[in-house]
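Visitor: I'd like a close look at a single part of this model, taken slowly and with the terms spelled out. Please pick one chain and show me how its pieces are held against each other.

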Amino acid sequence: LSFEKNLPFRQISFQKIANAKLSSADGSRTSCLDFLFCKKSPLKLCDTQSSMEEMRRNFVRDKRFAVVSLWLPLMANLSIIDNILLPSYYLDTDNISTLKHQAEIALERLDMASITHKRYHECSDEMIFYTKILRAYFTKREIVIIEPFLQLSDVETFAMIEDRVEFMLQTKITLYAIDYLVNQKRYDKNKEKDA
Amino acid sequence: VFERFVKLGLDTIYLVQELIAFIYFLNRTIVAIFSFKTYNVAMLNVLIKQIYFTSVQMFGLFFFLSLIIGTLVVSLLILAGHTLGVSEVNNRFLTYFIAVELAPLFTVLLISLRSGSAINTEIAVMRVSNEVEMLECYGIDVIGYLVVPRVISGGVSVLVLSMLFVLVSFVGGYFFGLLYGAIHFTYYFLLWMNSFELFELYIMVFKSVMFGFVSMVIPIYSGLGLSVKSYTAIPISVMRGMVKLSVAIILIEVLSLSLQLL
């Protein structure tokens, strides 16, 4: 993906991160977004911590994109459907009933109707991940950025996610999946094995 | 000696900075309370839940404790009045003491112990687990969504439960009076009503709302202000929050008594 063309990434030297050699241990422990936001900087890319912190703050408050990351959890005291609709409840108060109906349909299509009123600790990693995707989707923002690998215990489940996020790609929303090259290679290797 | 002065200076600067940050937080909270934008579906959902957790859930326990404490205090004061032969003065003192002093203080102590500590822990956990940052990321105002509903529920709960305390004490005192012979309910009711002044009602409402406000604002501020994002920092945050809350409750009580003296 050409990150350089997109405004939020232009501010940060992402190309350097993409070409950097990271050990698999780093890849598995550090969230890619942590890296992007310079919460952790093993490559010493953050010259001035304060300016990067400011950049991170601006990044997360940018209303053009919704982020799906391990770093951004679901609310523990809300049910799955309330988590999905939380930003809508807050920002789009006119269409609550319609949005609720749409969220119920989306959960049904993802075979997750049974967890509609459950809390996230009663759900599997995959279910939590899909819920986060739906939450991002329902914000109706232009871009959704997802960070899939670290949120799942098994990289093979990414194949399932590929199928499930199809409906998002058919809409006007742009979807970016970002992660380390090392994870990408692990995933490709698994795919080859399965083939 | 020089090092001690330096330490004293640094401590003072730290204290002033803390105070300014808290005043800024208070200002944002008060502005948000009176802002129309704050009141949306998400916020109202939280408000209903918070009122349920703070007042409805503890209703049974509160009623039981109020009945014991209220009846005992009313009974003791009535007996003391009769013994000393100052019933009329005593009735004035009784209504004042129960409504203005005991009811709000008893209620805020129970709410602080139960809900204040729980809210401090909840917010600190949310801070550690990045839930607060998630809200910011999705454009949700943390003050409007997390702070305002809890603060309003605190004010409403302390006020309503204080009134309940007064009512329970009043009824408890009546039943105690029955033990000592027949007492007419209307006479008893009028005795209370005549002893009660409107000004005292204002003080009670104001005190209850203030108590409710601080019993929520201080624990929330303490939870949000977690310096280290670690689960081990949560007990320290709760401890500091509760200490500050105790000091604030005493300060409000002292302030209220001082104002009444003037």
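Guide: A word first on "buried": a residue counts as buried under 20% relative accessible area, as exposed over 50%, and as partly exposed in between, using a 1.4 Å probe and protein chains only.

Now the ground rules. This is a predicted model, so local features need pLDDT of at least 70 and side-chain atom pairs count only at pLDDT 80 or more, while totals for chains, interfaces and linings use all residues. Residues are numbered from 1 along each chain as its sequence is written, chains are lettered from A and ligands numbered from 1 in the order in which they are written, and side-chain values use heavy atoms, with hydrogens and water left out.

Let's settle on chain B. It has 9 helices and 0 strands; helices are DSSP runs of H or I, at least four residues, strands are runs of E, at least two, and both are numbered from the N terminus. The C-alpha trace of chain B spans about 65 × 55 × 35 Å along its principal axes, and 48% of its 262 residues count as buried. Contact here means heavy atoms within 4.5 Å. If you take the contacts in chain B between residues at least 6 apart in sequence, 85% of them join residues at least 24 apart.

You'll find Asn130(B) in the loop between H4 and helix H5 (131–137) of chain B. Its phi is near 70 degrees, a positive value in a residue other than glycine. As background, most residues other than glycine have a negative phi.

On to the charged pairs. Side chains of opposite charge can pair when their charged atoms come close. A salt bridge here is a side-chain nitrogen of Lys or Arg within 4 Å of a carboxyl oxygen of Asp or Glu, and that gives 6 of them over all chains. One is between Lys207(B) and Glu101(B), with the closest N and O atoms 2.9 Å apart. Lys207(B) sits in helix H8 (residues 198–224) of chain B and Glu101(B) in helix H4 (residues 87–128) of chain B, so this pair ties together parts that are 106 residues apart in sequence. Both residues are buried.

Lys207(B) also forms a salt bridge with Glu253(B), the closest N and O atoms being 3.0 Å apart. Glu253(B) belongs to helix H9 (residues 233–261) of chain B and Lys207(B) to H8, so here the parts tied together are 46 residues apart in sequence. Glu253(B) is buried, as is Lys207(B). Shared partners join Glu101(B), Lys207(B) and Glu253(B) into one network of salt bridges.

Another salt bridge pairs Glu122(B) with Arg150(B), with the closest N and O atoms 3.2 Å apart. Glu122(B) lies in H4 of chain B and Arg150(B) in helix H6 (residues 142–179) of chain B, so the pair ties together parts 28 residues apart in sequence. Glu122(B) is partly exposed, at 23% relative accessibility, whereas Arg150(B) is buried at a relative accessible area of 2%.

Two packed helices are described by the angle between their axes and the distance between the axes. The axes are lines fitted to C-alpha atoms over the stretch in contact, with angles from 0 to 180 degrees between N-to-C directions. Helix H2 (residues 41–56) of chain B and H6(B) have axes that come within 8 Å and cross at roughly 35 degrees. Among the residues making the contact are Val46(B), Leu47(B) and Ile51(B) from H2(B), and Val148(B), Arg150(B) and Ser153(B) from H6(B). The residues of this contact divide into 10 nonpolar, 6 polar and 1 charged; Ala, Val, Leu, Ile, Met, Phe, Trp, Tyr, Cys and Pro count as nonpolar, Asp, Glu, Lys and Arg as charged, and the others, Gly among them, as polar.

To finish, zoom in on Ser153(B), which lies in H6 of chain B. Ser153(B) is buried, at 0% relative accessibility. Leaving aside its neighbours within four places in sequence, Ser153(B) touches Leu47(B), Gln50(B), Ile51(B) and Thr54(B).
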